[in-house]
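Subject: Structure for your review

Dear colleague,

Please find below the structure that I am handing over to you.

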Amino acid sequence: MKGHVPKVEKEDERLWIQNVLDGHKEDYSYLVNRYKNKIYGLLRGMGANHQDAQDITQETFIKAYRKLASHDLDKNFAAWLYAIATNLLKDLWKKDRPTASLPDDNAEHSLSDNPEEELMRSEHRTELLHLMQKLPSNYRTALLLRYTNDLSYEEMCMVLDVPLSKIQNDLYRAKQRLKQLITLQEVKTNEVLKFL
């Protein structure tokens, strides 16, 4: 089911968090390595430039480490991290208006046995990201949290601090606008539409 970490992984994650709380600080690197790319990707997709996304990703883990004892182990740790990251980005934007940017294709290297297939996937991803940049930031963020980071609606409510009805409306409107943009751009690929 989307938005939910399998029970075994969630229990494993809970043990890592508990180890850190018990004084094994080096175990925090497991959590950092598990989520750093997802947080960075979320921030880039929201419009942060490369440097800001890197800085906020690092700041997210520092802040999470300092407040780890306050995290409810029964709640989704990833959603808690995403909430911290999005709030840090919003704080940055209050100081300095954002300039939308797209993730570098070199920032994340994907391994594939078929280079042609990987090239097509990369082109579709780039095409979709360009179109997503034309959406309002709340629509873009909703799509990224739901489909890139696999959060449930309830977890999205927690991250964005908005009611469920707003999440549902934003996702619906985001998908409708994205479909319109794809049609206008005459994008001839079902790959781009697969999650809509």
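The notes below concern the packing of helices.

This is a predicted model, in which local features need pLDDT of at least 70, side-chain atom pairs count only at pLDDT 80 or more, and totals for chains, interfaces and linings use all residues. Residues are numbered from 1 along each chain as its sequence is written, and side-chain values use heavy atoms, with hydrogens and water left out.

Helices are DSSP runs (H or I, at least four residues), numbered from the N terminus. Axes are lines fitted to C-alpha atoms over the stretch in contact, with angles from 0 to 180 degrees between N-to-C directions.

Helix α2 (residues 28-46) and helix α6 (residues 137-148) have axes that come within 9 Å and cross at roughly 155°. The two helices are therefore roughly antiparallel (angles over 145 degrees). On the α2 side, the contact (heavy atoms within 4.5 Å) is made by Lys38, Leu42, Gly45 and Met46, and on the α6 side by Arg140, Thr141, Leu144, Leu145 and Thr148.

Helix α6 also meets helix α7 (residues 153-160): their axes come within 10 Å and cross at roughly 135°. That angle makes α6 oblique to α7 (oblique covers what is left after under 35 degrees for roughly parallel, over 145 for roughly antiparallel and 65 to 115 for roughly perpendicular). Here Thr141, Ala142, Leu145 and Arg146 of α6 contact Tyr153, Met156, Val159 and Leu160 of α7.

Thr141 and Leu145 of α6 take part in the contact with α2 and in the contact with α7.

Yours sincerely
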